[in-house]
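Please open the model in a viewer and keep a selection panel at hand.

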Amino acid sequence: MGDVSSPVAAPLPAADRPDATRDLRAALLEAEFTADGLLDLLGAPAYAALARSETVPALRATRGERPLETLVRLFLLQQPVARDRLAAVLDVAACVESGWLRETGGDELAATVDVRPYGGPDGEDWFIVSDLGCAVGGAGGIGSRDEGVVLGVGGASTTLAAITVRTPVGSALDIGTGSGIQALHASRHATRVTATDLNSRALHITALTLALSGAPAADLREGSLYEPVGDADDARYDLVVSNPPFVISPGARLTYRDGGMSGDDLCRSIVQGAGEHLNEGGYAQFLANWQHVEGEEWTERLRSWVPRGCDAWIVQREVQDITQYAELWLRDAGDHRTDPAEYAARYDAWLDEFEARKVKAVGFGWISLRRTAHDEPSIVVEEWPHPVEQPLGEVVRSHFERVDWLRTHDDAALLQSSFVLAAEVVQEQVGLPGAEDPEHVVLRQGRGMRRATKVDTVAAGFAGVCDGSLSAGTILDAIAQLVGEEPVLLRDQVPAQIRTLVEQGFLDPAAPAAPAADTAG
């Protein structure tokens, strides 16, 4: 990933030894070296500690001689293991010959790569391969400072996987594949998967991840952004995903995170380039960072990124001031453990870069695009830093479906339509104790985005009776009679609130009733 690449010296297992990889997978599964097996062995506290780069609890939990304990120490904790102990679990000779293991001297062997068990969405037993020291992430920094190091699974990786629309597609493109987790997910529902990366080492590791997980091989191509797929007719896809090197940094020290372009230009480029690489109705989904620049609305900055012919839903999940942002990524690289003067110099360089571009903060979030033939694409840019319920792929798909529905139904058509209140929506009334009427009403979702929106009592009453049986106009006429209002007034005022409730997922348009069967004989 990124725009520069430098090979890491450590050799990798052979990617052209399917027999050895297949046998290794079988041995891992036989020993229950899986996500569930790890949790059972380590317990929740030690398992959670691994995500914080703390290995002592896991080392204490693996002091026995069981095959699973042996494999955790070997592949996840990178501890040398005695040959005779390994021989009871693996075909040692084949693993050494194919490069999964190396001799360390004496009678011990060590792993050449990290192998982390990873549970697929339907219970698949997958394995993510990465460079040594890079499967266990956290605030302690990565295990290697080599420029071309390849990381394993992190929070950003799993977030992107969880927000991606998972409908069956003919083709999928994973840009900046890294260790291959997005390509692995795509292999479940895409007939053809293409994975690209500027770092050839990442492509090699992606091949290992797919093979060790028992997934089909992908079409692996080396190069930056969309360059490896070109602009031919077959360079269009039904799904494009990328967890790109989005860090806004001075220079391009680490290929996996630093894009090497000025500011947020890399993220802008990958978003703007998606339009011409999507088939009609196809989705492109990215994680990104963006600058908050003095004198500029961040929402307008992101609107300008959306390619022509695409609907967009952009959600800002977090904002950090420039000092927080610099400190986060200095720790990520382990710079806080270097010479204090060197750390201060790097910190200064980050702040100099931001000051030169008048950047006051950096936003992080999700960008989802859908290719559309509509003359007036929908672009929604919003901030939602609150907890959500993952996975959200179906929520993303439903959002764009509702967008289609709303722009093909004017207010007259809306009033003739029926709606259904979404599952697990609750109503909260806010006001002074003892007051006859609430100051306002809040509708709150219990699922998905878990939104909360303020409505008036008429809209709340409308939503409460939506079960798909009555048209919106009929319901509003009944409410008007109940509250002593003119029906025409409510029919004129309330559709705007109904549209908001539909757009945000509180109401779903009811499916049209099936025509009655013709029983005439």
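In which loop does Ser-213 lie? Select the loop between helix 10 (200-212) and strand 8 (219-222), and Ser-213 will be found there. Before going further, note that this is a predicted model, in which local features need pLDDT of at least 70 and side-chain atom pairs count only at pLDDT 80 or more, while totals for chains, interfaces and linings use all residues. Residues are numbered from 1 along each chain as its sequence is written, and side-chain values use heavy atoms, with hydrogens and water left out.

Ser-213 counts as buried because its relative accessibility is 4%; buried means under 20% relative accessible area, exposed over 50%, and partly exposed in between, with a 1.4 Å probe and protein chains only. Display next the residues that Ser-213 contacts, leaving aside neighbours within four places in sequence: Arg-25, Asp-125, Trp-126, Phe-127 and Leu-184. Contact here means heavy atoms within 4.5 Å.

Now move to Ala-217, which is in the loop between helix 10 and strand 8. Ala-217 is exposed, at a relative accessible area of 75%. A C-alpha to C-alpha distance drawn from Ala-217 to Ser-269 spans 28 Å, for a separation of 52 residues in sequence.

**The loop between helix 1 and helix 2**

Select Thr-34, in the loop between helix 1 (18-30) and helix 2 (35-42). With 11% relative accessibility, Thr-34 counts as buried. Not counting residues up to four places away in sequence, Thr-34 touches Leu-29, Pro-117 and Asp-125. Val-72 is 38 residues from Thr-34 in sequence, and their C-alpha atoms are 10.0 Å apart.

Glu-32 lies in the loop between helix 1 and helix 2. Its relative accessible area of 52% makes Glu-32 exposed. Inspect the backbone at this point: Glu-32 is not a glycine, yet its phi is positive, at about 60°.

**Further backbone geometry**

Although not a glycine, Gln-78 has a positive phi of about 55°, and at 25% relative accessibility it counts as partly exposed. Then select Gln-390 and Pro-391, which are joined by a cis peptide bond with omega about 0°. Pro-391 is placed in the loop between strand 13 (379-383) and helix 15. As background, most residues other than glycine have a negative phi, and most peptide bonds are trans.

**Helix 15 against helix 20**

Show helix 15 (393-407) together with helix 20 (residues 495-503), and compare their axes, which are 9 Å apart and at an angle of about 155°. Axes are lines fitted to C-alpha atoms, for helices over the stretch in contact, and angles run from 0 to 180 degrees between N-to-C directions. The two helices, helix 15 and helix 20, are therefore roughly antiparallel to each other, a term for angles over 145 degrees. Helix 15 contributes His-399, Arg-402 and Leu-406 to the contact, and helix 20 contributes Arg-499, Val-502 and Glu-503. By class, the residues of this contact are two nonpolar, one polar and three charged. Ala, Val, Leu, Ile, Met, Phe, Trp, Tyr, Cys and Pro count as nonpolar, Asp, Glu, Lys and Arg as charged, and the others, Gly among them, as polar.

**Pocket and cavity**

What volume does the second largest pocket have? About 430 Å³ of space lies in it. On a 1 Å grid over the protein atoms alone, a pocket is an open set of points with protein on both sides within 12 Å along at least five of seven lines, a cavity is a set where a 1.4 Å probe fits but cannot get out, and lining residues have an atom within 4 Å of a point. Grid points are joined across faces, edges and corners, and a volume is the space filled by probe spheres set on the points. Of the 21 residues lining the second largest pocket, select Val-395, Ala-422, Arg-447, Gly-448 and Gly-505, which lie nearest its centre. Helix 15 gives the most to this lining, with five residues.

Finish at the second largest cavity, of about 60 Å³. Its lining includes Trp-313, Trp-366, Val-395 and Met-449, and by class has nine nonpolar, one polar and no charged residues. Strand 12 gives the most to the lining of this cavity, with three residues. Helices (H or I, at least four residues) and strands (E, at least two) are DSSP runs, numbered from the N terminus.

Definitions and conventions. Parallel < 35°, antiparallel > 145°, perpendicular 65-115°, else oblique.
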